[in-house]
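Hi everyone, thanks for making time this morning.

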Amino acid sequence: MKAINDYIVIEKIKEQKTTSGGLLLTDNTDLDNRYKKAKVVSVGNLADIIKVNTLVMYDKHAGHDIDYDGIMYRVIKLRDVVLVDEDNV
């Protein structure tokens, strides 16, 4: 699988969120957080400033899901990436 143009294929990272009291939060209770963390799986030829295996934060409303070989990925555009984790570049 190879992304083209300014598209990026990402794999969502499940994050366990807890309150300061130790309660686990579900995805439905995390409505305030607009951005999600993901690992880059494939990068298009026009999005070469981001590398494969980089951790990024993206707008959770962006892109669409795609099932490839039984694994669910998300396809977003480069402009939907808001942060890059420089420790993992």
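Let me start with what I mean by a strand: helices (H or I, at least four residues) and strands (E, at least two) are DSSP runs, numbered from the N terminus. V82, for instance, is found in strand β8.

Now the housekeeping. This is a predicted model, so local features need pLDDT of at least 70 and side-chain atom pairs count only at pLDDT 80 or more, while totals for chains, interfaces and linings use all residues. Residues are numbered from 1 along each chain as its sequence is written, and side-chain values use heavy atoms, with hydrogens and water left out.

On to the sheet. Two strands pair if DSSP finds at least two bridges between them. With that rule, we get an open sheet of six strands in the order β6-β7-β1-β4-β5-β8, with antiparallel pairing. β6 (64-68) and β8 (81-84) are the edge strands, each pairing on one side only. On average, neighbouring strands of this sheet are turned by 45 degrees against each other, direction ignored; the axes are lines fitted to C-alpha atoms, for helices over the stretch in contact, and angles run from 0 to 180 degrees between N-to-C directions.

Let's look at some pairs. Strand β1 (residues 7-12) meets β4 (residues 35-43) over five antiparallel bridges, and there E11 has K39 as its bridge partner. β1 is also joined to β7 (residues 71-77), by four antiparallel bridges; here Y7 is partnered by K77. Then β6 and β7 pair over five bridges, again antiparallel, with H64 opposite V75. Their hairpin has two residues between the strands, and D69 takes a positive phi near 55 degrees there.

So what makes up the largest nonpolar core? A nonpolar core is a set of buried Ala, Val, Leu, Ile, Met, Phe, Trp, Tyr and Cys residues joined through side-chain atoms within 4.5 Å. Buried means under 20% relative accessible area, exposed over 50%, and partly exposed in between (1.4 Å probe, protein chains only). This core has twelve residues, including I8, I10, V40, Y58 and I76. Two or more residues come from each of β1, β4 and β5 (55-59), and β4 gives the largest share, three residues.

Finally, back to V82. Why does V82 count as partly exposed? Because its relative accessibility is 39%.
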